[in-house]
Amino acid sequence: MTFAGGMMIATSVPALAVTATDVEHRASVYAPAEDSLSLAAPQPGIHVASEAELAPHADEGYAVEAAPPPIVSQVAGLGSVAVIESDLIVWPVINPENRASGFGPREAPCSGCSTYHDGVDFNPGNGTPVMSIADGVVVLATENGGGLGVNVEVQHNIGGELITSSYAHMQYGSLAVTEGQHVSAGQQLGLVGSTGQSTGPHLHLEMFGVDGVRFDGFAWLSARVG
Ligand SMILES: [Zn+2]
């Protein structure tokens with residue numbers, strides 16, 4: 001009896017190891033453009049009187065640096081949004097090593113699925129909290145994200161660069177933020193689900209800069225999470 005029970009457990013494991021992934025989806029609802037980004041002008045009050053005055057500080061240059069200006073981004077429906085620089089970077093889910101599908105070319109996981117994956121699929125489990133990867137401003141929070149299902153986009157200022165993170169397929173009714181809201185690194189945005197074009201509960205994370213071109217969010221995060 002004991003042996004038979006053990007066999008049943010062993011043979012049932014592969015059925016649970018479903019590869020959760022998603023299919024083709026649309027671009028961001030707003031189109032980041034080069035001319036939508038404007039950096040604040042340098043502070044006119046900062047002026048170095050002479051080289052002689054600067055010399056004593058030559059080997060401690062950080063002492064004269066002002067706080068970095070926010071990036072002012074134009075967002076459809078929100079207008080001008082000031083995005084303050086963020087230093088802390090965190091994973092969007094617990095157990096980020098559990099992933100189904102990485103970024104880039106892949107075998108289509110279903111008929112109609114894309115052969116190029118423009119995000120990273122995390123499998124932390126259905127209902128797991130999804131968190132913002134850095135401080136930022138929520139520029140999209142919708143339950144009608146098409147193929148992306150329940151979707152949140154957050155804009156971040158990382159070292160003076162405008163970076164957007166997009167969190168897809170979350171559960172209906174789980175949105176914890178609204179458009180225009182400022183969020184902190186690690187703040188909950190929603191819960192892992194399978195809304196939109198998805199074959200099972202997972203987080204599909206897309207990341208892109210002002211050109212809208214998606215890049216490998218897992219590699220980017222791996223290099224920056226402390
Ligand atoms: Zn995906």
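Leaving aside neighbours within four places in sequence, which residues is Ile 94 in contact with? Pro 124 and Thr 128.

1. Residues are numbered from 1 along each chain as its sequence is written.

2. **Confidence.** pLDDT is the predictor's confidence in each residue, from 0 to 100. Its mean over the protein is 81. A value of 70 or more is reached by 70% of the residues. Residues 1-18 have pLDDT below 50, and beyond near neighbours in sequence this stretch has one contact in the model. Two residues are in contact if their C-beta atoms, placed from the backbone, lie within 7 Å. Residues 29-42 also stay under 50 in pLDDT. For them the model has 20 contacts beyond four places in sequence. Where pLDDT is low, the predicted coordinates should not be read in detail.

3. **Overall make-up.** The protein has three helices and 15 strands. Helices (H or I, at least four residues) and strands (E, at least two) are DSSP runs, numbered from the N terminus. Of the 226 residues, 35% count as buried. The cut-offs use C-beta atoms placed from the backbone: a residue is buried if 20 or more others lie within 10 Å of its own, exposed if 12 or fewer, and partly exposed in between. Take the contacts between residues at least 6 apart in sequence: 69% of them join residues at least 24 apart.

4. **Strand E14.** E14 covers residues 203-208. Six of its six residues are buried. Both faces are covered. On one side are Leu 203, Leu 205 and Met 207. On the other are His 204, Glu 206 and Phe 208.

5. **Partners of E14.** Two strands pair if DSSP finds at least two bridges between them. Strand E7 (residues 120-122) runs antiparallel to E14 and is joined to it by three bridges. Here Phe 122 has Leu 203 as its bridge partner. E11 and E14 are also antiparallel, over five bridges. In that pair, Ala 168 stands opposite His 204. E15 pairs with E14 in the antiparallel sense over two bridges. Met 207 has Phe 215 of E15 as its bridge partner.

6. E14 and E15 form a hairpin with five residues between the strands. Within this hairpin, Gly 212 takes a positive phi near 80 degrees. Gly 209 sits in the loop between E14 and E15 (214-215). Why does Gly 209 count as partly exposed? Because 15 other C-beta atoms lie within 10 Å. Leaving aside neighbours within four places in sequence, Gly 209 is in contact with Glu 161, Leu 162 and Ile 163. Gly 209 and Ile 163 are 46 residues apart in sequence, yet 4.7 Å apart in space, C-alpha to C-alpha.

7. **His 169.** Most residues other than glycine have a negative phi. His 169 has a positive phi, near 70 degrees. His 169 lies in strand E11 (residues 161-170). Is His 169 buried or exposed? His 169 is buried, because 30 other C-beta atoms lie within 10 Å.

8. **The E2-E3 hairpin.** Strand E2 (residues 71-75) and E3 run antiparallel and are joined by five bridges. Val 72 stands opposite Ala 82 in E3. The hairpin has three residues between its strands. Gly 77 in the turn has a positive phi of about 90 degrees.

9. Asn 95 is found between strand E3 (79-83) and strand E4 (99-101). Its phi is positive, near 50 degrees. Asn 95 counts as exposed because it has 12 C-beta neighbours inside 10 Å. Ile 94 lies in the loop between E3 and E4. Ile 94 has 12 C-beta neighbours inside 10 Å, so Ile 94 counts as exposed. Back to the opening question: Ile 94 and Thr 128 are in contact. They are 34 residues apart in sequence and 8.0 Å apart in space, C-alpha to C-alpha.

Key. Predicted model: local features only at pLDDT ≥ 70, side-chain atom pairs only at ≥ 80, totals over all residues.
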